[in-house]
Amino acid sequence: MLVFAFDRDWTVDVNPHPQHDAVPLEWVRYVAHETDHRVYAIGNQTLAEEAAIPGVVDIVGRHSDEWEQWLGEKQSDGYYERFPARRERLALIADLHPDADGYVVIDDIDLSDVDGWEHYHAWEFVPAVERGAIDPELPWVREPVPDGGYPTSAGIIPADASDLSSFLDDHGDGPAFELTYTDGGDESTDLLWNVSQDVVRREQPSAAPAIRCTPLAPGSNQFTVDIDAIKRLSIVDPPPEAFVARAETPTEEATAFRRLAEVKPESIRVSRVLSLLDREDPSTLQQRDALRALRSVATVRPKECTPAIPILRSLLGQDDLVSPHDALATLRAIGDSNPADIAPAMGDIRPYLDSYRIATRREAAACLAAIATKYPTDIVNAVPELVSIIEDEADGQQAAVYALERIAREIPKAVTPAAEPLGDVIVDESLSDEARLSATAALGRVVDESPSLALDIIDDVAGLLNADNYKLRNNAIALTFDVAALHTDVVEPYVDDIATLLTVDDTYTRTNASGTLARVAEDFPDSVEHVTPTLIDLLTDDDPRVRENACWTVGHLRAADAHTPLRERVTEDSNEAVRTRATWALSRIEENATHQ
């Protein structure tokens, strides 16, 4: 429930302001008698009779113990000895309704300083009611209906620049706009592609705020409309033909398709866009907009865009291609769906890995990453460029790392030049976990082939043994296990960090951690000896690989305390490899006891 306090003169239409809109008397009556709101007359008390609402005397009468303070005796002329001031009247009303949802005063006098009350002039109150800002249930709220007959999802009758700005923030990505406004005394309605606040006007305090309008018709010029001239702005959803109907040249058609593809990519015939690209000497704008349209379509309909591949490859061979990143992004979208479609284009894509354009380099790397998911050997020749992208920390770094990971699965030696930069990636916390995971996976393949390559990066790898991301941690311990195959001396300083992973829930991690300690224990038993109690517990681990590694480690340690649990493994374990390794460990312990 709201509480309303109305002035009369220059506020209600029984005595309106000579230059501004007034509140219709019927509105005051309706709110007072047809809603749950409370309505009072606080100015000229004639309004109390005209609208049949409580006036000041009624308000004071509801504070009966304060009658003398506010009114006193009634005089012979019909007036009281005194009368509360305008702001005092508001305070008395508020006291009557302490639980109201809000307090609204409509008066030509500025009462915005009164605490708790929201003040409107009549000419502000009327449009606020019409746009639903006061109470959306009131019958005078105007639902903007576009004159073009297109479906609308939202609309506004803006009160000011801030009101319009909020609307555009919420709905600026709509398919299109319909604007109704006054122009030289006449009312016009235009279908628009884009609406934005005029930045130049906004930076000139003396200038009236305005909007910059781009018509949906691609050949029409932009124009400016003062916000005060706007009658209605609606978000509309025109049919696809409305975007292209007024395109008169190939360039305008390309612009129309680009706009349509941004909001309705499913409605575009790919062949029509390709016809705009496969022409001699297209304008720069025509080529750019056609490529952008194709890119948007490929994002949602990649298989239907495969006929574009020969044209795109031809365009990529041109020195003056206006937007190679759009051509490459289209290939990448197609390749993400089916790498085989773009694998033959690898030679056309590769030169753009060295592009000085950030977006172009990024999309080229993404194309190679897409190819690498199924055909990693096809991109082996691009390893130097991929390494350069990583070393330069350039855009496309994540895609380059992924591509190298895929190559490393098939040809680890081909990725050896990337060992050091991949090591930098895994410790760079500013990069995504996906990039760092790909880097550790690639390094794992390389190090498995050539463990000595990890000597310079073991510190970086060890730093991930306590990573929050369990996948990073798992890859790091797997790398450490590979290094320990030949270089236990460089792993030995990290025994304590590795030991903490023996009891984690992840079986993969426990397997690699226990295997790494087994290798270290062979050469440096004293460094691992303090972990013996935990290793004995692992002899009954649920995973047979962990049990086997634990047998292996306590055997190298010749741990006498493990004799009994090892005997149980020999006689009771269901896994043959565990029984074999437990027998070996027992022989090492018993041999050691014999020599003591």
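**Close-up views of a predicted model**

**View 1. Helix H13 and the elements that cover its buried residues.** Covering the buried residues of H13 are, among others, helix H11 (270-277), helix H12 (284-300), helix H14 (324-337), helix H15 (339-342) and helix H16 (346-349). The model shown here and in the other views is predicted. H13 spans residues 309-316, and its buried residues are Ile 309, Ile 311, Leu 312, Leu 315 and Leu 316. Because these residues cover an arc of only 160 degrees around the axis, they lie on the same side of H13.

**View 2. Packing of H11 against H12.** On the H11 side, the contact is made by Val 270, Val 273, Leu 274, Leu 276 and Leu 277. These meet Gln 286, Gln 287, Ala 290, Leu 291, Ala 293, Leu 294 and Val 297 of H12.

**View 3. The largest nonpolar core.** This core has 125 residues, of which Leu 294, Ile 349, Leu 404, Leu 422, Val 528 and Leu 566 touch the most other members. Helix H17 (residues 358-372) contributes the most to the core, with nine residues. A second, separate core comprises 27 residues, including Val 31, Ala 51, Ala 128 and Trp 140.

**View 4. Surroundings of Leu 404.** Apart from neighbours within four places in sequence, Leu 404 contacts Val 383, Leu 386, Val 387, Ile 390, Val 415, Ala 418 and Ala 442.

Note on methods:
Residues numbered from 1 in each chain as written. Predicted model: local features only at pLDDT ≥ 70, side-chain atom pairs only at ≥ 80, totals over all residues. Heavy atoms only, no water. Buried < 20%, exposed > 50% of the residue type's maximum accessible area, 1.4 Å probe, protein only. Helix = DSSP H or I, 4+ residues; strand = E, 2+ residues; numbered from the N terminus. Arc of directions from axis to C-beta. Contact = heavy atoms within 4.5 Å. Core = buried A, V, L, I, M, F, W, Y, C linked by side-chain atoms within 4.5 Å.
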